[in-house]
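I opened my notebook to record what I looked up in this structure. My entries follow in the order I made them.

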Amino acid sequence: MLVIQAARQPRKRRAPARIGLAVAGGGLIGGMYELGALRAIEEAIEGVDMNALDVYVGVSSGAFLAAGLANRLSTAEMCRIFLTGDSHEARFRPEVFARPAMFEYLRRAAHVPRMLFDWFGAIAKNPFDLNVSDTLMRFGSLLPTGLFDNQAIEDFLRGVFTSGGRSNDFRELERKLYVIAVELDSGKAVRFGAEGYDDVPISLAIEASAALPGLYPPVKIGGKYYVDGALQRTLHASVALDEGADIVIGINPLVPFDATRAQSNGHDAPDSLVEGGLPAILSQTFRTMLQSRMQASLSKYARHYDGADIVLFEPNADDMRMFFSNVFSYSNREEVAEHAYRSTLADLRARRAELEPVLARHDLAFRAAIMDDEARGLRDGLVDKPARKTPSTSRLRRALDELDELVVPKPATARAKAARPSRSARQQK
């Protein structure tokens, strides 16, 4: 489903236009959907270089994709890392997302003897004042704050962002990157990468942004605890709009399911999600909450950022594959990414006439060869695998890229240069 919110009062044309990207969360499968959509958008739209946008905003699983793009990790290379497994850049092991948080279990278990002693003492003093709810609250503190350990995730991300000429430091990036998390004890959203929060390693910020309560423990940074950034808002596109983006491309992989619509479109959908039990009910509830906030945010953007265009990509409401896929499963990752790739291209073709004038305002246009090839799949653009790079060749490639941008600025890279000095210039200060 493609949502086009065109600017009500388009700004006076400026060249080059500023392009922002906002990527929401959605677990492992949501991230794979977003990767397929990103790949389709980049191939289909001339002028959209996913590694040379002006501002990147990422939440939860979307934070790694945004950070990778801002760090010169191409959509093709991320497909090789997460989908085909034949990347020279990194080797991803999905089991790192499901390691039990043993330290957290042991830390909580250490309090059991003292808790039992206090409980029996309270019963001895007031044997007729036993309250079940109070007892549950008392022993509830013994439960771990997360089932799985997220330290291995941070380790993997740190390895990716400290190799291949990339950086794990927000301040060293050529483009603006924001990773959104929520401070647990205040409920406020924090923009890692903003002034005052840009000294936090990117990998640690992403770990915090992806710390979904109940699954992963809160992440401690600077004496405070942080959890999943989606708890505040779904997309946080306002962060890119605050940076002056003329057009924001947004991707949200989680939408509520419409069983009636699915049946009317010929899908073998259940009569009611009740048939799926508690998991289906919880999933629909969570998705409905996210969608409600998304719609409220879009309404706000229309009022407060009426000079900017927003193009939002989401699954269709009758998309059974996305609803009934386990968002934490990794086994069908390539199928989901391929589905997202083809669905995104189909949405672009269906809304082509409506979207063309919006893109034209920002010197963007469709690539006819991609748009007209309805048989095209995700792997078609991954044929030419780059040669293995050494640390020296990676540094040389990055230096040559920066030199190329200085000598012959391209539209997309010129946007970034106009907004931010080069890394070498910052290092001389």
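**Entry 1: a pair in one helix**

I started with Glu77 and Arg80, which are separated by about one helical turn because they sit 3 residues apart in helix α3 (residues 75-84). The model I am reading is predicted. I looked up the contact between the two side chains: Glu77 forms a salt bridge with Arg80. The closest N and O atoms are 3.6 Å apart.

Are these two residues buried or exposed? Glu77 counts as buried, at 7% relative accessibility. Arg80 also counts as buried, at 4%. I noted the cut-off here: buried means under 20% relative accessible area.

**Entry 2: salt bridges across the chain**

Next I asked how many salt bridges there are. The count comes to 18.

I picked out Arg367 and Glu46, which form a salt bridge with the closest N and O atoms 2.9 Å apart. This pair links distant parts of the chain, 321 residues apart. Arg367 is in the loop between β11 (365-366) and α15 (368-371). Glu46 is in strand β3 (residues 45-46). I checked the accessibility of each. Arg367 is partly exposed, with a relative accessible area of 28%. Glu46 is partly exposed too, at 42%.

Then I turned to Arg191 and Asp242. Their salt bridge has its closest N and O atoms 3.1 Å apart. Arg191 counts as partly exposed at 30% relative accessibility. Asp242 counts as partly exposed at 42%.

I also found a network of salt bridges. It links Arg39, Glu42, Glu43 and Arg376.

**Entry 3: the nonpolar cores**

I moved on to the nonpolar side chains. In soluble globular proteins, such side chains tend to be buried together.

Which residues touch the most other members of the largest nonpolar core? They are Phe64, Phe82, Leu177 and Phe192, in a core of 78 residues. Helix α1 (residues 27-44) gives the most to this core, with 8 residues. A second, separate core has 23 residues. Among them are Ala22, Ala194, Met294 and Ile310.

I took a closer look at Phe82. I left aside its neighbours within four places in sequence. Phe82 is then in contact with Met32, Leu35, Phe64, Phe92, Phe156, Tyr330 and Arg333.

Val274, Leu278, Ile281 and Leu282 make a nonpolar surface patch of about 390 Å². I followed up on Ile281, which has its place in helix α11 (residues 277-304). Ile281 is partly exposed, with a relative accessible area of 38%.

**Entry 4: the whole chain**

Last, I noted the totals. The protein chain has 18 helices and 11 strands. Of its 429 residues, 51% are buried. I looked at contacts between residues at least 6 apart in sequence, and 78% of these join residues at least 24 apart. The accessible surface of the protein chain comes to about 20100 Å². Carbon and sulfur atoms account for 56% of that surface.

Terms used
Residues are numbered from 1 along each chain as its sequence is written. This is a predicted model: local features need pLDDT of at least 70, side-chain atom pairs count only at pLDDT 80 or more; totals for chains, interfaces and linings use all residues. Side-chain values use heavy atoms; hydrogens and water are left out. A nonpolar core is a set of buried Ala, Val, Leu, Ile, Met, Phe, Trp, Tyr and Cys residues joined through side-chain atoms within 4.5 Å. Buried means under 20% relative accessible area, exposed over 50%, partly exposed in between (1.4 Å probe, protein chains only). Helices (H or I, at least four residues) and strands (E, at least two) are DSSP runs, numbered from the N terminus. Contact means heavy atoms within 4.5 Å. Patches are made of residues with over 30% relative accessible area and no salt bridge: like charges are joined within 9 Å, nonpolar side chains (Val, Leu, Ile, Met, Phe, Trp, Tyr) within 5 Å. Accessible areas come from the Shrake-Rupley method with a 1.4 Å probe; for residues, only the protein chains shown count as cover. A salt bridge is a side-chain nitrogen of Lys or Arg within 4 Å of a carboxyl oxygen of Asp or Glu.
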